[in-house]
Amino acid sequence: MTNYPELIARRFGDDGPSGEGVPDNEFIRRVLARKTVRRYSDTVPDEALLDLLVAAALSASAKSDFQQASLLRLTDPAKRTAIGALFPSMPWIGVAPVFFVFLGDARRLQRIGELRQKPVRNGTLEGFFNASIDAALAMQTMILCAESAGLGACPISVIRNEIDKVAAILKLPDLVFPVAGLCLGYPQGEGHVSLRVPRRATTHSDSYGDSALSDAIDDYDRRRNARHAIPRDQQRSNAEFGEAAFYGWSEDKARQAAKAEGAAFPPYLRSHGFTLD
Ligand SMILES: Cc1cc2nc3c(=O)[nH]c(=O)nc-3n(C[C@H](O)[C@H](O)[C@H](O)COP(=O)(O)O)c2cc1C
C-alpha cells in the first residue's frame, strides 16, 4: 500500500491536509483505502475468523455502557433466500458467503429493568437513538476489522424498506429492530475507492459554516464525474426531472432524496414498543 498523501488524494482529491510527516500506521492506511465490496469469491470465511469479528464488533464503544447492539448471523439457506428475494436489484444480499444483521436492541435493557424491578423508559427517541448508534458502531467496527483481515463488506440498510417481512423472518421481538444487514466475503474483482465530498464542505473549525458548499459541490461533481461518470441510462427519475446533460453526484443524490424512502419503518417502530417521545 502507498503513503498517506497518495491515499488521501485518491479519497478526496481536494488539496486538503495530506497526512505528510505523520508516522506510518498500517490501520489508518487501510481505512483511507477502504471500499465497499459487493462481489465475493466462493471461499467461505473461517468460522473462527467470524467469531473473532463478532468479538471485535462487540468491543465497539457503547453509549452509557448500556450495550444495546445485538448481532444476528443468518445461516439458514431458506431464510437467506427469502430475504434475498425481497431485494432483486441487490443480488449480493442473497448470495454473499456471510450475512449478519446488526440490531438495535432496546429490549435487553428493558428486561434488565424488569429483572431488577425498576421502571425503564427505553422506548423513547433517546432509547431508539442510543440503540441505533451502538449497532452502527458495532457494524463499522466489524467492517474495518473484516477489511483488515482481507474480507470485503457491504452494509445493507435496504432491509428496513421491507421491515415487516424481514422482522417476521428473523422473529424480532418488540424493541429490537434492524439497523442494517452486512454482507461479508472475500472480494472478487478490484472495485474502486469512492471519492468523498471535499473536506472544506464536511469539516468545520470552531463554528459551523457552509458558505462554500455550492462551489465545493460543483468542483466535486466535476472531479467525480471524470473518475466515474454515471452512465446516461442510470439517471434516476427522468420522467419526473428530465434527462440531465451533466449528471453528477449531487444531481443523482438530490433525485434520490426527492423520493421518500423507508415509509414502513416509523409505523413498525411505533407498533413494536417505541413511542419515540
Ligand atoms: C448504513 C449504511 C447502509 C447501506 N446500505 C446499503 C444497501 O442497502 N445496499 C448497498 O448495496 N449498499 C449499501 N451501503 C453501502 C454504501 O452505498 C457505500 O458505503 C457508499 O456508496 C460509499 O462507498 P464506500 O463505502 O465504498 O466508500 C450502505 C452503507 C451504509 C453506511
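A residue counts as buried when its relative accessible area is under 20%. In this predicted model, Asp252 has a relative accessible area of 7% and is therefore buried. Its salt-bridge partner is Lys253, with the closest N and O atoms 3.7 Å apart. Lys253, at 32% relative accessibility, counts as partly exposed. Elsewhere, salt bridges with shared partners join Arg200, Asp219 and Arg223 into one network.

The structure holds 13 salt bridges in total. Arg200 is partly exposed, at 42% relative accessibility. A further salt bridge brings Glu251 and Arg255 together, with 2.6 Å between the closest N and O atoms. Here both partners sit in helix 12 (residues 249-257), four residues apart, or about one turn of the helix. Glu251 is partly exposed at 29% relative accessibility, whereas Arg255 is buried at 3%.

Turning to the aromatic residues, a search of the whole structure gives seven aromatic pairs. One of these is formed by Phe100 and Phe102, a tilted pair with 6.4 Å from centre to centre and 55° between the planes. Phe100 is buried, with a relative accessible area of 3%, and Phe102 is buried too, at 0%. Another tilted pair consists of Phe128 and Phe177, at 4.8 Å centre to centre with 40° between the planes. Phe128 lies in helix 7 (residues 125-148) and Phe177 in strand 4 (residues 176-185), so this pair ties together parts that are 49 residues apart in sequence. Both Phe128 and Phe177 are buried. Together with Phe265 and Phe274, these two residues make up one aromatic cluster.

Arginine side chains also meet aromatic rings. Arg160 lies over the face of Phe265, a member of the cluster, at 5.3 Å from the ring centre. Likewise, Arg199 lies over the face of Phe12, at 4.5 Å from the ring centre.

Finally, the whole structure was searched for cavities, and one of 30 Å³ or more was found. The largest cavity has a volume of about 40 Å³. Its lining includes Asp221, Arg224, His228, Tyr247 and Trp249. By class, the lining residues comprise four nonpolar, three polar and two charged. Helix 10 (residues 213-227) gives the most to this lining, with three residues.

Technical notes. Residues are numbered from 1 along each chain as its sequence is written. This is a predicted model: local features need pLDDT of at least 70, side-chain atom pairs count only at pLDDT 80 or more; totals for chains, interfaces and linings use all residues. Side-chain values use heavy atoms; hydrogens and water are left out. Rings of Phe, Tyr and Trp (its six-membered ring) pair if their centres lie within 6.5 Å; planes under 30 degrees apart count as stacked, over 60 as edge-to-face and the rest as tilted. Buried means under 20% relative accessible area, exposed over 50%, partly exposed in between (1.4 Å probe, protein chains only). Helices (H or I, at least four residues) and strands (E, at least two) are DSSP runs, numbered from the N terminus. A charge sits over a ring if NZ of Lys or CZ of Arg is within 6 Å of the ring centre and within 35 degrees of the ring normal. On a 1 Å grid over the protein atoms alone, a cavity is a set of points where a 1.4 Å probe fits but cannot get out, and a pocket is an open set with protein on both sides within 12 Å along at least five of seven lines; lining residues have an atom within 4 Å of a point. Grid points are joined across faces, edges and corners, and a volume is the space filled by probe spheres set on the points. Ala, Val, Leu, Ile, Met, Phe, Trp, Tyr, Cys and Pro count as nonpolar, Asp, Glu, Lys and Arg as charged, and the others, Gly among them, as polar. A salt bridge is a side-chain nitrogen of Lys or Arg within 4 Å of a carboxyl oxygen of Asp or Glu.
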